[in-house]
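Thanks for coming. Have the structure open while I talk.

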Amino acid sequence: MTTQTRPDAMTFSVPSNPACLAVVRAAVEKLAHLAGFGEQEAGRIVLAVDEACTNIIRHQYGGRYDQRFDLEMRLDPEAGILELALRDYGPERDPSLFRGRELKDVRPGGLGLHIIREVMDEVEYSAAPGGGMVLKLSKRVRSA
Amino acid sequence: MLTINVEQRLEGAVVRLTGDVDLSASPQLRSYLKELVRAETPRIIADMGGVSYIDSSGVATLVECLQGVSRYGGRLRLAALNKRTLGVFEISRLDTVFSIHATVEEALRA
């Protein structure tokens, strides 16, 4: 008989250097698979989290590479839910003003938030205690 | 990491991409494509067969190129996208905006 140990929760302190996002993507993909998501869905979750990281680097840190943000990943295997929280240390912003561009308006940029909302079940921005923003994301594993 | 090779053929320029087209690599791709647009290359084929990942910054770079070539009546075609890469265009509702082909040869003939 074997027992399976799952990584229930982990937090990464991620440098705001875009070169580090490949490592984040690999970690998220692994956890998504452990959560029970299939190949295609895991890929979409990776994309959504990557877009969230990109938004922090671009909009919260103005493209600066010398900052950090936290990525917390939590797996609830009983409920079949993957939860992620991204906490940055940039300015506090009004989440009601966050909106992607209209998709029919074809132009470069503005797709990240649309992708995040399309992929994840829950997307919630809030001000972080002490400054910065928190983005909470969750996705439920759907049984086949 | 992204590797970019540009091959000039009679039918057009084939831009072969290998690796991840993400926030760190998109500026590199942008400068290659910008050069081809500046030279008013009539037909640009982006060979995506070696692309393991693309994010919205990569997609935005291709949208910018598409708009650039359309200004002088040129063409940008995407070829050999894997399922995941194609999925990013689909989720962005751009799969109908780009001319997408199964192979580079098909894109060159189109």
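I'll start with the sheet in chain A. Five strands form an open sheet in the order β1-β2-β3-β5-β4, and the pairing is antiparallel. At the edges stand β1 (9-15) and β4 (122-127) of chain A; each has a single partner strand, so one side of each has no neighbour in the sheet. On average, neighbouring strands here are turned by 15° against each other, direction ignored.

Some housekeeping before I go on. This is a predicted model, in which local features need pLDDT of at least 70 and side-chain atom pairs count only at pLDDT 80 or more, while totals for chains, interfaces and linings use all residues. Residues are numbered from 1 along each chain as its sequence is written, chains are lettered from A and ligands numbered from 1 in the order in which they are written, and side-chain values use heavy atoms, with hydrogens and water left out.

Now the terms I have already used. Helices (H or I, at least four residues) and strands (E, at least two) are DSSP runs, numbered from the N terminus. Two strands pair if DSSP finds at least two bridges between them. Angles run from 0 to 180 degrees between N-to-C directions, and axes are lines fitted to C-alpha atoms, for helices over the stretch in contact.

One pair inside that sheet is β3 (residues 81-87) with β5 (residues 133-140), both of chain A, joined in the antiparallel sense over seven bridges. Within chain A, A:Leu82 stands opposite A:Lys139 in β5(A). As a general point, side chains in a regular strand alternate between the two faces of the sheet.

What pattern does chain A follow along the sequence? It reads β-α-α-β-β-α-β-β, with three helices and five strands. Chain A has 144 residues, and 42% of them count as buried, where buried means under 20% relative accessible area, exposed over 50%, and partly exposed in between (1.4 Å probe, protein chains only). Contact means heavy atoms within 4.5 Å. Among contacts in chain A between residues at least 6 apart in sequence, 64% join residues at least 24 apart.

On to the helices of chain A. The axes of α1 (residues 21-35) and α2 (residues 39-60) of chain A come within 9 Å and cross at roughly 145°. That crossing of α1(A) and α2(A) is right-handed; the term means that the near helix is turned clockwise from the far one by less than a right angle, and left-handed means anticlockwise. Residues of α1(A) in this contact include A:Leu21, A:Val24 and A:Val28, and those of α2(A) include A:Ile45, A:Val49 and A:Cys53. The contact of α1(A) with α2(A) divides into ten nonpolar, two polar and four charged residues. For that count, Ala, Val, Leu, Ile, Met, Phe, Trp, Tyr, Cys and Pro are nonpolar, Asp, Glu, Lys and Arg are charged, and the others, Gly among them, are polar.

α2(A) also packs against α3 (residues 112-119) of chain A, at an angle of about 140° and with the axes 9 Å apart. The crossing of α2(A) and α3(A) is left-handed.

Is α3(A) mostly covered or mostly open? Mostly covered: six of its eight residues are buried, among them A:Leu113, A:His114 and A:Ile116. The buried residues of α3(A) pack against α2, β4 and β5 of chain A, together with α2 (56-71) and α3 of chain B.

That brings me to chain B. Strands β1 (residues 2-8) and β2 (residues 13-21) of chain B pair in the antiparallel sense over seven bridges. Their hairpin has four residues between the strands, and B:Gly12 there takes a positive phi near 155°.

B:Asp47 is in strand β3 (residues 43-54) of chain B and counts as buried because its relative accessibility is 10%. A polar atom of the B:Asp47 side chain lies 3.0 Å from the backbone nitrogen of B:Gly49.

Last, B:Asn82 lies in the loop between β4 (75-79) and α3 (83-91) of chain B. At 30% relative accessibility, B:Asn82 counts as partly exposed. Polar atoms of its side chain lie 3.1 Å from the backbone nitrogen of B:Arg84 and 2.7 Å from that of B:Thr85. B:Asn82 and B:Gly49 are 33 residues apart in sequence and 6.7 Å apart in space, C-alpha to C-alpha.

Technical notes:
A polar contact is a pair of N or O atoms within 3.5 Å; within protein, one must be able to donate a hydrogen and the other to accept it, and residues adjacent in sequence count only if both atoms are side-chain atoms.
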